[in-house]
Amino acid sequence: MTCIVGLVHDGVGYIAADSAISDDSQVDICATPKVGHWRGSGLVPEYLLGVAGDWRGCSDILRTLEFGHPNMGWESYHPEQLPVKEILSDTPKRGRNVDVLVVTAEAVWTYTAPLWTPLKHRRPYAAIGAGAPYALGYLSGRHPYNTNAGDAVKAASEFCPGVRGPVNILKTEAPHEQP
């Protein structure tokens, strides 16, 4: 079980994730991160990405981001055009139940199984994983949405038994104009 929250406020994108990993009968704390920060290049903005779901598919996505894919120039993909379906095509069928959350300094997208079509959110925040309803409830009661994404994950950990700290938080900012 997982809770990953993406939030955009004043030109800064944030992503926060819990550290729980579970199966049907136990929950443990995992040192392997569920989120990552990828630098942009050229026309591709830098972005934050989090994964929730079956750990086999999650690790395939994170590993592809980190080491690249022999048939894909991963760094050339825009955050709303990530080849999630292509990456998971080699993953065993039962490992494909994965949701992906992407955050830039301007927007939040989710890719949800089984189609992994990018959905750009109107609100400046989104969440995935079992703790998502609790985190979204926490954020929806806060106006403006300048609260820390980590606080939303912590709120989810109060009500969802499969969400636990420590909470990992990353951020990305829009490029600043050079004088």
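Biologist: Which elements do the buried residues of α3 pack against?

Modeller: In this predicted model, the buried residues of α3 pack against β1 (4-9), β10 (125-128) and α4 (149-159).

Biologist: And which residues in helix α3 are buried?

Modeller: Start with the general idea: an α-helix has 3.6 residues a turn, so residues three or four places apart point the same way. Now the case here: helix α3 covers residues 132-140, and A132, A135 and L139 are buried. Looking down the axis of α3, you find its buried residues within an arc of 70 degrees, so they line one face of the helix.

Biologist: Let's turn to aromatic rings. How many aromatic pairs does the structure hold?

Modeller: There is one aromatic pair. To read such a pair, look at the angle between the ring planes: under 30 degrees counts as stacked. The rings of Y134 and F159 have planes at 15 degrees and centres 6.1 Å apart, so this pair is stacked. The pair links distant parts of the chain, with Y134 in helix α3 and F159 in helix α4, 25 residues apart.

Biologist: Is F159 buried or exposed?

Modeller: F159 is exposed, at a relative accessible area of 60%.

Biologist: Next, the strands. What is the order of the five strands in the open sheet?

Modeller: The order is β5-β6-β7-β8-β9, with antiparallel pairing. At the edges are β5 (35-38) and β9 (118-120), each pairing on one side only. From one strand to the next, the twist averages 20 degrees.

Biologist: How many bridges join β6 and β7?

Modeller: Six bridges, in the antiparallel sense, between β6 (residues 47-53) and β7 (residues 98-103).

Methods
Residues are numbered from 1 along each chain as its sequence is written. This is a predicted model: local features need pLDDT of at least 70, side-chain atom pairs count only at pLDDT 80 or more; totals for chains, interfaces and linings use all residues. Side-chain values use heavy atoms; hydrogens and water are left out. Buried means under 20% relative accessible area, exposed over 50%, partly exposed in between (1.4 Å probe, protein chains only). Helices (H or I, at least four residues) and strands (E, at least two) are DSSP runs, numbered from the N terminus. The arc is that of the directions from the helix axis to the C-beta atoms. Contact means heavy atoms within 4.5 Å. Rings of Phe, Tyr and Trp (its six-membered ring) pair if their centres lie within 6.5 Å; planes under 30 degrees apart count as stacked, over 60 as edge-to-face and the rest as tilted. Two strands pair if DSSP finds at least two bridges between them. Axes are lines fitted to C-alpha atoms, for helices over the stretch in contact, and angles run from 0 to 180 degrees between N-to-C directions.
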